[in-house]
Structures are given as C-alpha cells and as structure tokens.
Amino acid sequence: MEHDVARAPRLTESASAVFAVLAQAGTATRPQLASLARLSKPTVSSAVAELEGVHLAAHSGTSSGATGRSAAVYRLGPAAGAVLAVDLGPALTRVRGCALDGTLLAEAAGPRDEAADVVREALSALPADAPLRTIVVAVGDVTAPQRMRPATAKAGPVFDAVTVALPPGVPVHLENNVNCAALAELHEGAARGRHTFGYLRIGVGIGLGIVVGGHVLAGANGAAGELARLPYPWDDDQEPRHEALEEYIGSRSLLRRAAAAWPESDGSCPRTAEQLFTLAGRGSATARAIVARHAVDVGRLAAAVTAVLDPGLLVLGGSTGAYPQLLPGVRAELERLSWPTEVVSSQVGDLGTVVGAARLAVARGVQTVTQAERTKD
C-alpha cells in the first residue's frame with residue numbers, strides 16, 4: 001500500500017510550537033497548550049485554527065474544569081502523519097509504526113532474512129492517508145550515520161533488502177541498536193529517574209549505550225560504546241584480533257564452552273542460551289557452573305566500563321545479559337574489581353531496541369513538521 005509522503009505545510013512559528021507540545025501531550029485544551037508552549041491564549045487560538053486548517057490538529061471532545069466550564073480538547077489531526085521504526089536484530093526483525101504523539105499504530109516481527117516482508121506488513125497496517133514523515137532503522141555498529149548507510153557489513157545486505165520495501169522519498173535515519181535500547185530503558189525501563197547510566201548489552205554481540213545527563217552519548221564518530229573494538233586479548237604471546245572480545249563473550253562462544261564442558265551423563269547439551277539458563281534454573285550443576293563463569297566474564301567487562309565511566313548504574317540487557325541469574329556473579333566480580341555500582345536487569349527486554357527506535361522516529365517526525373520552512377507570526 002502506497003503512503004503519502006507529502007512535505008509538511010509551512011507553519012507560523014507559534015503554530016509549530018503548539019504542534020510540538022500537542023504531539024508530546026497527546027491531547028490538550030487551549031489553556032493547557034498556552035501553558036505548555038508559553039504563549040498567550042490569543043496566540044494559541046490563532047495557532048490552533050491554523051493547525052486545524054491544514055488538518056494537523058483536530059477537535060476531539062470537551063473537558064469540564066473545576067468551575068464547571070467546558071473547554072475544547074484537541075489532538076493531532078490526520079495530516080500529522082506517522083513514522084516507522086525498524087530493528088534489524090541478529091535473528092529477528094521488529095517493526096513499529098507510530099503516530100507523532102507516540103500512539104502505536106502497527107507492529108510486525110519476523111526472521112531477519114525476511115526483513116523486507118516484515119516492513120511491508122507493518123506499512124500495510126498504517127492508515128493509508130497518513131503521510132509517512134520519517135523512518136529510523138536500528139542496526140549494529142553505526143559509525144557513519146550521516147551517510148545513511150551501515151558502516152560495516154553487519155547489516156549491509158539486509159539493510160539493502162529493506163530499503164527496497166521502504167516508500168521512496170521518506171527520510172531514513174540509521175541509529176545504533178544499543179543506543180536505542182538504552183533510550184528505552186531511560187524512559188520506560190530500569191533506568192527511569194536516572195540521568196546517567198550505562199546499558200550493557202550481552203548477546204550474540206556486545207555493546208554499551210552511554211547515557212549522560214539524560215542524553216545518549218554518540219561520540220565523534222557515532223561509535224561511543226563499541227565494546228567489540230576493545231583490544232583483546234592483551235597477552236605477550238597473542239596479538240589483539242578484530243572484535244575478539246565480542247567473539248569471546250558473545251553467546252556463540254558461551255554455547256561452544258557449554259558443548260566442550262557438557263558431560264554425556266547430563267543428557268543433551270543445550271543449543272541455545274535460553275536452554276542453558278533454563279537448565280541452570282532447574283539446578284543442573286554443569287549449567288550453573290557455565291552460567292557462573294559467564295557472569296564473571298560479564299562482571300569483568302562491567303568493571304572496565306565502570307573504570308572509564310563511573311555511571312552509578314549499569315543495566316544488563318541482550319539475549320543473555322538480561323537473565324537475572326547473571327546478576328549475583330556480575331555484582332560480585334564488579335565489587336571485587338571496582339567501586340560500588342548498582343547493577344540491574346533490563347525491564348524492556350527484547351523490545352528495547354524497537355521501542356527506543358520508535359521514540360527517536362517520533363521525535364524526528366515531529367521535527368519534519370515543526371522545522372519545515374516557516375513563516376513569521
């Protein structure tokens with residue numbers, strides 16, 4: 001289904017300001033909009049009329065105040081449009097479509113090699129008359145976002161396949177997947193109320209989302225938190241290899257170590273991290289020993305992060321990092337090697353990346369409307 005990608009209309013500065021606060025509030029009366037936008041009531045009335053005229057705002061009912069007087073309530077109009085967030089995960093592709101007030105309009109998920117079909121499914125569920133304002137694609141190792149292309153081959157072929165499914169003319173922005181998940185933890189997960197923390201993802205790969213003062217730190221090259229690039233191993237007899245640390249701590253190596261240590265008397269060796277942690281939870285001595293060793297490795301990585309950032313809080317996420325069974329071992333090793341730092345498990349889980357990407361997409365979508373060519377009031 002084709003989606004309108006018409007450019008946003010030219011707005012006055014006051015109408016742009018009112019649109020931005022209405023998108024954040026979801027619904028609001030004119031007095032509330034005046035307070036939020038810090039504009040006079042007459043100016044807001046003119047701005048609302050302007051937005052209604054181009055269908056960027058719409059009347060959605062009335063509200064009664066303490067004095068008994070009623071006030072018109074407004075929401076975003078049909079021309080405000082929608083945005084799309086795509087998480088190109090290592091195994092699954094997750095997609096969310098949202099209105100510019102953050103309302104979930106569509107979602108889809110499927111295997112990574114069917115990413116284009118997953119995107120098409122989500123697009124088909126969006127309102128056909130809603131202009132698509134922007135698309136955010138979350139991938140790993142984005143070191144050159146200004147090029148609108150993955151900087152490495154980690155997402156390249158899949159990204160190329162996805163772009164075929166995207167409507168032409170819509171701005172596409174690449175974002176680091178771990179940074180997106182950190183943003184989700186900040187607003188909706190384990191780091192709510194905390195302005196500085198680290199989100200440590202341990203899964204097939206490893207990565208760090210750094211939040212300082214309530215903002216995700218991208219770095220000069222967009223590569224802040226790329227732990228896979230840390231030199232490893234440091235040894236007189238071995239040269240550090242490219243992404244060797246990720247190879248050692250990632251879930252594939254965890255399962256290889258499990259296979260090497262698994263005795264025949266314990267039955268079939270777990271083939272997934274989920275199976276390994278399930279067996280550990282059921283009391284398997286071998287599985288518990290492997291998990292405990294993994295927790296020590298993650299704890300040492302956490303100590304390295306803490307030594308550089310001193311974040312005060314580390315949130316563990318990812319397909320293996322989010323398991324609460326790791327917490328005691330990670331906390332113990334971190335306490336042994338570094339200063340006191342709170343360590344908790346992710347609360348948004350596997351949805352963190354697409355949730356954070358959707359939040360970024362909404363913010364960018366609002367910008368496409370409010371930062372379009374404007375006229376003076």
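1. Two strands pair if DSSP finds at least two bridges between them. Helices (H or I, at least four residues) and strands (E, at least two) are DSSP runs, numbered from the N terminus. With those terms in hand, look at Gly61, which stands opposite Val73 in strand 4. Strand 3 and strand 4 (residues 70-76) run antiparallel and are joined by seven bridges.

2. A word on what you are looking at: this is a predicted model, in which local features need pLDDT of at least 70, side-chain atom pairs count only at pLDDT 80 or more, and totals for chains, interfaces and linings use all residues. Residues are numbered from 1 along each chain as its sequence is written, and side-chain values use heavy atoms, with hydrogens and water left out.

3. Contact means heavy atoms within 4.5 Å.

4. Next, find Thr93 in strand 6 (residues 92-99). Is Thr93 buried or exposed? Thr93 counts as buried because its relative accessible area is 0% (buried means under 20%, exposed over 50%, partly exposed in between, with a 1.4 Å probe and protein chains only). Leaving aside neighbours within four places in sequence, the contacts of Thr93 include Val86, Leu88, Pro111 and Val118.

5. Arg38, in the loop between helix 2 and helix 3 (41-53), has a positive phi near 55 degrees. Arg38 is exposed, at 79% relative accessibility. Asp310 has a positive phi of about 45 degrees and is found in the loop between helix 10 (285-309) and strand 13 (313-317). Asp310 is partly exposed, at 44% relative accessibility.

6. Please also check the bond between Tyr232 and Pro233: it is a cis peptide bond, with omega about -10 degrees. Pro233 is in the loop between strand 12 (215-216) and helix 7. As background, most residues other than glycine have a negative phi, and most peptide bonds are trans.

7. Finally, which element gives the most to the lining of the largest pocket? Helix 8 does, with five residues. A pocket, on a 1 Å grid over the protein atoms alone, is an open set of points where a 1.4 Å probe fits, with protein on both sides within 12 Å along at least five of seven lines; lining residues have an atom within 4 Å of a point. Of the 48 residues that line the largest pocket, those closest to its centre are Gly89, Pro90, Gly203, Val204 and Gly205.
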